[in-house]
Amino acid sequence: MVERDEDWEGCLAEFGWLDQVSASELADLAPSGRCSDVRRGEVIFTPEENPDSVFLLRSGLVRIYRISRAGD
């Protein structure tokens, strides 16, 4: 994953529906937010008991899958 130098608010501005989020709410998110470019085949998320992330896809495709307890 390659983190971008782009500012967080500039990155979020590309998602029009986030215009409804107040400036103070965006400020609360800023310390933990980041914009990243991901290479093909790179894993960006693994299941956890208590995930604390939200991913917004700016462009491209992602593959989402679940591995069974048997490993299938």
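Colleague: How many positive and negative side chains does the protein have, and how far apart do the centres of the two sets lie?

Modeller: In this predicted model, the protein has 8 positive and 15 negative side chains. The centres of the two sets lie 12 Å apart.

Colleague: What makes R58 and E14 a salt bridge?

Modeller: A salt bridge requires a side-chain nitrogen of Lys or Arg within 4 Å of a carboxyl oxygen of Asp or Glu. The closest N and O atoms of R58 and E14 are 2.9 Å apart, and the pair therefore meets the 4 Å limit. R58 belongs to the segment after β2 (36-37), and E14 to the loop between α1 (8-12) and α2 (23-29). The two residues are 44 residues apart, and the pair links distant parts of the chain. In general, side chains of opposite charge can pair when their charged atoms come close.

Colleague: How many salt bridges does the protein have by this rule?

Modeller: The count comes to one salt bridge.

Colleague: Why is R58 called partly exposed?

Modeller: The term applies between the cut-offs of 20% and 50% relative accessible area. R58 has 32% relative accessibility, so R58 counts as partly exposed. E14, with a relative accessible area of 44%, is partly exposed as well.

Colleague: Why does R66 count as exposed?

Modeller: Exposed means over 50% relative accessible area. R66 has 77% relative accessibility and therefore counts as exposed. R66 lies in the segment after β2. The C-alpha atoms of R66 and P47 are 8.5 Å apart in space, while the two are 19 residues apart in sequence.

Colleague: Is V43 buried or exposed?

Modeller: V43 has a relative accessible area of 54%, so V43 is exposed. V43 is located in the segment after β2. Between the C-alpha atoms of V43 and R63 there is a separation of 9.5 Å, and the two are 20 residues apart along the chain.

Colleague: What is the radius of gyration of the protein, and what would a compact globule of 72 residues have?

Modeller: The protein has 15 Å, whereas a compact globule of 72 residues would have a radius of gyration near 11 Å. Along the principal axes, the C-alpha atoms fill a box of roughly 45 × 25 × 20 Å. Buried residues make up 8% of the 72 residues. The protein exposes about 6800 Å², and carbon and sulfur atoms supply 50% of that area.

Colleague: Which pattern does the protein follow along the sequence?

Modeller: The pattern is β-α-α-β, with two helices and two strands in the secondary structure. Among contacts between residues at least 6 apart in sequence, 73% join residues at least 24 apart.

Methods:
Residues numbered from 1 in each chain as written. Predicted model: local features only at pLDDT ≥ 70, side-chain atom pairs only at ≥ 80, totals over all residues. Heavy atoms only, no water. Helix = DSSP H or I, 4+ residues; strand = E, 2+ residues; numbered from the N terminus. Rg over C-alpha atoms; globule rule 2.2 N^0.38 Å. Buried < 20%, exposed > 50% of the residue type's maximum accessible area, 1.4 Å probe, protein only. Contact = heavy atoms within 4.5 Å. Areas by Shrake-Rupley, 256 points an atom, 1.4 Å probe, with all protein chains shown as cover. Lys, Arg positive; Asp, Glu negative; His and termini not counted. Charge placed at Lys NZ, Arg CZ, Asp CG, Glu CD.
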